[in-house]
Every structure is written in structure tokens, then in C-alpha cells.
Amino acid sequence: MINYRVQNIEGLVSQLAASGVTILDTITSHDYGKFVHVLDADGNKLELWEPA
């Protein structure tokens with residue numbers, strides 16, 4: 001799995017979903033940041049992370 005550090009995870013997930021990207025779960029929040037998992041065009045699982 002590849003992990004990408006992002007800003008504004010909510011906005012990014014909205015844009016990705018509108019573009020047809022498969023969102024695997026909902027955004028989860030932890031003390032150290034927010035996370036969500038998506039699939040890329042090749043079916044690879046990607047983790048998006050917005051640090052706290």
C-alpha cells in the first residue's frame with residue numbers, strides 16, 4: 001500500500017469520488033491525523049493521510 005500525505009482530505013475525497021475513484025471507507029480521525037483508503041486505476045490500495 002502506498003501512503004500519500006495530503007491537505008484538505010475532505011475536499012480531495014469529494015473531488016476523487018466525483019471523478020469516479022473508488023473510495024474504500026470513510027475518513028477516520030485520530031490524534032495524529034485523518035485517514036481514508038482509495039483504489040487507483042490499476043486497483044492498488046492507496047492511503048491518504050492528513051496530519052493533525
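Reader: Which residues does E50 touch, leaving out those up to four places away in sequence?

Author: E50 touches V6, Q7, N8, I9, E10, G33 and K34, with residues up to four places away in sequence not counted. Keep in mind that this is a predicted model.

Reader: Where is E50 found?

Author: In strand β5.

Reader: Is E50 buried or exposed, and what is the nearest side chain of opposite charge?

Author: E50 is buried, yet has no salt bridge. The nearest side chain of opposite charge is K34, 4.8 Å away.

Reader: What lies 2.8 Å from a polar atom of the E50 side chain?

Author: The backbone nitrogen of I9 does. The backbone nitrogen of N8 also has a polar atom of the E50 side chain at 3.5 Å.

Reader: Salt bridges next. How many does a search of the whole structure find?

Author: One. The side chains of E10 and K34 meet there, at 2.7 Å from N to O. That pair links distant parts of the chain. E10 sits in helix α1 and K34 in strand β4, 24 residues apart.

Reader: Switching to the core. Which residues make up the largest nonpolar core?

Author: Seven residues in all: V6, I9, V13, V36, V38, L46 and L48. Helix α1 (9-18), strand β4 (33-39) and strand β5 (45-51) each supply at least two residues of this core.

Reader: Take I9. What does I9 touch, not counting residues up to four places away in sequence?

Author: I27, K34, F35, V36, L48, W49 and E50. V36 and L48 are also listed in the core.

Reader: And V13, where is that found?

Author: In helix α1. V13 is buried, with a relative accessible area of 11%. Its contacts, leaving out residues up to four places away in sequence, are I23, I27 and V36.

Reader: What separates the C-alpha atoms of V13 and P51?

Author: 15 Å. Those two residues are 38 residues apart along the chain.

Reader: Now the aromatics. How many aromatic pairs does the count come to?

Author: Two aromatic pairs. One is Y32 with F35, and that pair is edge-to-face. The centres are 5.7 Å apart, with 65 degrees between the planes. The other pair is F35 and W49.

Reader: Why is the pair of F35 and W49 stacked?

Author: The ring centres are 6.2 Å apart and the planes are at 10 degrees, so the pair is stacked. Planes under 30 degrees apart get that label.

Reader: Which strands hold F35 and W49?

Author: F35 is in strand β4 and W49 is in strand β5, 14 residues apart. This pair links distant parts of the chain.

Reader: Is F35 buried or exposed?

Author: Buried, at 13% relative accessibility. Y32 is exposed, with a relative accessible area of 51%. W49 is partly exposed, at 24%.

Reader: Which residues form one aromatic cluster?

Author: Y32, F35 and W49 form one aromatic cluster.

Technical notes:
Residues numbered from 1 in each chain as written. Predicted model: local features only at pLDDT ≥ 70, side-chain atom pairs only at ≥ 80, totals over all residues. Heavy atoms only, no water. Core = buried A, V, L, I, M, F, W, Y, C linked by side-chain atoms within 4.5 Å. Buried < 20%, exposed > 50% of the residue type's maximum accessible area, 1.4 Å probe, protein only. Helix = DSSP H or I, 4+ residues; strand = E, 2+ residues; numbered from the N terminus. Contact = heavy atoms within 4.5 Å. Lys, Arg positive; Asp, Glu negative; His and termini not counted. Salt bridge = Lys/Arg side-chain N within 4 Å of Asp/Glu carboxyl O. Polar contact = N/O pair within 3.5 Å; in protein donor to acceptor, adjacent residues only side chain to side chain. Phe/Tyr/Trp six-rings, centres within 6.5 Å; stacked < 30°, edge-to-face > 60°.
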